[in-house]
Protein chains: 2
Amino acid sequence: MAYRKTPAEIRRLEAARDHLVVRATEVVAEVGWAQASVTAVADAAGIAAGSVYQHFSSKSALAVEVFRRAAQREVDVLGEVLEGDGDPADRLRRGVEVFARRALENHGLAYALLAAPAEPAVGAERLAFRRRYRGLFAAVIDEGVAADLLPGQDAEITAAALTGAIGEVLVYPLSTSAAHDADRLVAGLSAVALRCAGAAP
Amino acid sequence: MAYRKTPAEIRRLEAARDHLVVRATEVVAEVGWAQASVTAVADAAGIAAGSVYQHFSSKSALAVEVFRRAAQREVDVLGEVLEGDGDPADRLRRGVEVFARRALENHGLAYALLAAPAEPAVGAERLAFRRRYRGLFAAVIDEGVAADLLPGQDAEITAAALTGAIGEVLVYPLSTSAAHDADRLVAGLSAVALRCAGAAP
DNA sequence: GGAACATCTGAATGATGGTTCACTTCTTTG
DNA sequence: CAAAGAAGTGAACCATCATTCAGATGTTCC
C-alpha cells in the first residue's frame, strides 16, 4: 500500500482552507473585491498564489465562499431576532438595530456585502442574499398586518424598501451629525424602518 | 497662415462627441458598464476605437460623462417636482412616482445609474449624485416637518432611506405580482415612501 | 530509510482590453 | 491646386492579473 490521507492531514487541509477564507474575508473588508487579487489574498494567508487553487477551482469560487460565509452569518443573526419572541413591530425594531450595529462595527465588511463593486458571481450571490433579507422582513410584516399592528400593505415592496433603506443609510456616509454618533444613527434608522412598515409611533 | 478650425468644423466635432456619448449611454443601458468596452462603444458610434481618444482622455472620462449626463437629467426632473408647488407630502409622492415611472421605462439605464458594477470613477460620481437625491428629499422633508405635516425626524436619515428604498424596489426584481404591473408597483412604492417620511395616510 | 504519492511553490503563460502611434483621409487657406 | 495641419483609423503595444505546471518539499507506510 502506498499513500492515504491520514485524518490529521485531512484536518490540516480543512484548516488551511478555512484560514484562507478567513484571511480573504479580512482582505476584502479592508480593500474591497476589486483590490483583492489572488496574490494579495494568498500573501495574507501566508501561502503561494498557486496554492489557492488547491482549495478553490477559481478566484470566483473563493470570492463566492467568502461572500456566502459572511452573508450567512448576517442572515442567521437577523433571522434569529425577526423570528424570535415579541410583537412583530418590536422584532422589526430589534432586527434593524442588531443589523445596524453589526454593520457599523465592521463597516468594511458591510460595504463589501451590501454595495462594493464585485465580479458577476458575487453579484449573483448578493442578489440571492438580498432576497433572503427581504423574505425575513416580509414575514414579520405579514405577521404584523395579520395581527392588525401594521396597516395593510404589499409586504414584498415594504421588505425590499427596508432592505434598500437600511443598506443605504449604513453604507454611505451621512453628512449629518448622526454619522458620528452610532446610537443616534441606529435610533434614527430604526425609527425610519418602523414608519416604513407603518408601525404606530 | 495655415489651418484654423472653422465654426462649422467645431460644431461638427461637438456633434460627434455628443453622438458618441449618446451611443455609449445606449450601450451601457443595454449591456452594463463592464461590457461596454471602448471597442463596443466606438462600434456603436460608428467610429474607430482610437477616435474615442479625440474626445476623451480615457475610457473613464467618457464613462463619467455618460453617467453625469444621464444622472443630471434625473436630478433635474426630480428637483422640478420636489421643489414645485403643493404641500410637501404631496410633492414627495409625486416625486417618487415620477422617478419610478422613468426608471421603469428605461430599466437598463436606471440599473446602470443606481446599482450596476462600475469602475471607481463612476462609483464616485454615483456617490455624488446620491447625495444630491438625498439633499432634494431632505429639503422636502424638512419643509414638511416645519409645517407640522410630518413628524419630527432626522431628515438626512429619512432622505438616505428613501434613496435606498426607491433604488432597491425599482432595480431588483420582485417576486410579487406587483412586478408585472407598473401601476401597482408605483402605488406601492409611493405608499412606502410616504410612510417612511411619516405622512398621514 | 526510502519508495510512492500529495501538497506547495512562484515564475512563466495567456487572455483581456485600454491605450498608442505611424499612417491615411479630410479641411483649410493662399 | 498644393501645402499645412487636423481628425480618423486600427493594428500593435502594454499592463494587469488569473491560471498553470515543472520542480521542490512534505507525508505516509513498509
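## Aromatic pairs and positive-phi residues

In this predicted model, ring pairs join A:Trp33, A:Phe67 and A:Phe129 into a cluster. Over all chains, the count of aromatic pairs comes to six.

One of these pairs is formed by B:Phe99 and B:Tyr133, with 5.5 Å from centre to centre and 85° between the planes. B:Phe99 belongs to helix H5 (residues 88–105) of chain B, and B:Tyr133 to helix H7 of chain B, so the contact ties together parts that lie 34 residues apart in sequence. Both B:Phe99 and B:Tyr133 are buried.

The backbone at Asp148 is a separate topic. Most residues other than glycine have a negative phi. A:Asp148, by contrast, has a positive phi, near 60°, and B:Asp148 also has a positive value, near 65°. The table sets out the two residues.

| Residue | Phi | Relative accessibility |
|---|---|---|
| A:Asp148 | near 60° | 69% |
| B:Asp148 | near 65° | 69% |

In chain A, Asp148 is placed in the loop between helix H7 (120–146) and helix H8 (155–171). In chain B, Asp148 is likewise in the loop between helix H7 (120–146) and helix H8 (155–171).

Terms used: Residues numbered from 1 in each chain as written. Chains lettered and ligands numbered in written order. Predicted model: local features only at pLDDT ≥ 70, side-chain atom pairs only at ≥ 80, totals over all residues. Heavy atoms only, no water. Helix = DSSP H or I, 4+ residues; strand = E, 2+ residues; numbered from the N terminus. Buried < 20%, exposed > 50% of the residue type's maximum accessible area, 1.4 Å probe, protein only. Phe/Tyr/Trp six-rings, centres within 6.5 Å; stacked < 30°, edge-to-face > 60°.
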